[in-house]
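Me: Can you walk me through this one while I have it open? I'd like to take the contacts one topic at a time.

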Amino acid sequence: MKSNRTFISAALVRIGGPALLLCVLCLGISARGFAEEKPQPTTSPWAIQVEPVQADEGQLPPEFSMATYENLIAQLVKTDKFQEVFRSGDHQADGVPNLLVLQTTLLNFERGSQTKRAVTTVGGATKVKVHLKVTTRDGNAVVEKDVQGTVRIFGENLRATYDLAKDIAKTLSEASLPAPAKGAGQ
């Protein structure tokens, strides 16, 4: 009796292992056909040139200005909304016919305290508020909005610039941009 059980167990292991593997492979292959494809991001026919943050001298510390500029470029590239993202002064942008220009003007800056944020959740927030304006090459406004970046609870003060850049990129990715005029910018 014991030998029959051993024989049956051994046969199931020999046959069952490969059969189970075959079932898993078949399910994996068939499931691939049912997998949803991610929609491809729709790139607009526009390229964008990012200008540095405009602020009165001493109103915004240089590290916040530079961090905002760099984070903004990185976030705009991630959106896949624009064919290309140019930095201010990039001569390659001169030949681009459908170019938008992003200008940000500082409205308010409140430097918070990382120590206060760590001790209490009420105080110490860092806030950076800007007015963003996107124009065509000839100066026609396409998007205008006030956007704020904030670090409230955890994180370094410069994290507010990342938050601001994400909000600006989200605003622009959700904005409906006009169709470029024929011969625009030429």
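Reply: Let me begin with a definition: a salt bridge here is a side-chain nitrogen of Lys or Arg within 4 Å of a carboxyl oxygen of Asp or Glu. The model is a predicted one, in which local features need pLDDT of at least 70, side-chain atom pairs count only at pLDDT 80 or more, and totals for chains, interfaces and linings use all residues. Residues are numbered from 1 along each chain as its sequence is written, and side-chain values use heavy atoms, with hydrogens and water left out.

Me: How many salt bridges does that rule give?

Reply: The count comes to two salt bridges. In one of them Arg111 pairs with Glu63, with 3.2 Å between the closest N and O atoms.

Me: And where do Arg111 and Glu63 sit in the chain?

Reply: Arg111 lies in the loop between strand E3 (99–110) and helix H3 (114–119), while Glu63 belongs to helix H2 (residues 62–79), so the pair links distant parts of the chain, 48 residues apart. Helices (H or I, at least four residues) and strands (E, at least two) are DSSP runs, numbered from the N terminus.

Me: Is Arg111 buried, exposed or partly exposed, and why?

Reply: Arg111 counts as partly exposed because its relative accessibility is 47%, where buried means under 20% relative accessible area, exposed over 50%, and partly exposed in between (1.4 Å probe, protein chains only). Glu63 is also partly exposed, at 38%.

Me: What about Glu70 and Arg87?

Reply: Their side chains meet in a salt bridge with an N to O distance of 2.9 Å. Glu70 is in helix H2 and Arg87 in strand E2 (residues 85–87), and this pair, too, links distant parts of the chain, 17 residues apart. Glu70 is partly exposed at 33% relative accessibility, and Arg87 is partly exposed with a relative accessible area of 36%.

Me: Switching to the sheet, what is the strand order?

Reply: It is an open sheet of five strands in the order E2-E1-E3-E4-E5, with mixed pairing, where two strands pair if DSSP finds at least two bridges between them. The edge strands are E2 and E5, each of which pairs on one side only. From one strand to the next, the twist averages 25°, with axes taken as lines fitted to C-alpha atoms, for helices over the stretch in contact, and angles running from 0 to 180 degrees between N-to-C directions.

Me: How do E1 and E2 run relative to each other, parallel or antiparallel?

Reply: E1 and E2 run parallel and are joined by three bridges; within E2, Val85 is the bridge partner of Ile48.

Me: Which helices pack on the sheet?

Reply: H2 packs on the sheet and touches E1, E2, E3 and E4, its direction making about 160° with that of E2. H4 packs on the sheet as well, touching E1, E3, E4 and E5, and its direction makes about 150° with that of E5. Contact means heavy atoms within 4.5 Å.

Me: Now the nonpolar core, which residues touch the most other members?

Reply: In the largest nonpolar core, which has 31 residues, they are Leu76, Leu102, Ile168 and Leu172. A nonpolar core is a set of buried Ala, Val, Leu, Ile, Met, Phe, Trp, Tyr and Cys residues joined through side-chain atoms within 4.5 Å. Strand E1 (47–50), H2, E3, strand E4 (126–136), strand E5 (141–151) and helix H4 (159–174) each supply at least two residues of this core, and the largest share, six residues, comes from H4.

Me: What does Leu172 touch?

Reply: Not counting residues up to four places away in sequence, Leu172 touches Ile48, Leu76, Lys81, Phe82, Leu102, Leu132, Val134 and Val143. Leu172 is placed in helix H4 and is buried, with a relative accessible area of 2%.

Me: Last topic, how many aromatic pairs does a search of the whole structure find?

Reply: The search finds one aromatic pair. Phe64 and Phe109 form that pair, edge-to-face, at 4.8 Å centre to centre with 65° between the planes. Phe64 is in helix H2 and Phe109 in strand E3, 45 residues apart, and both are buried. As for the rule, rings of Phe, Tyr and Trp (its six-membered ring) pair if their centres lie within 6.5 Å, and planes under 30 degrees apart count as stacked, over 60 as edge-to-face and the rest as tilted.
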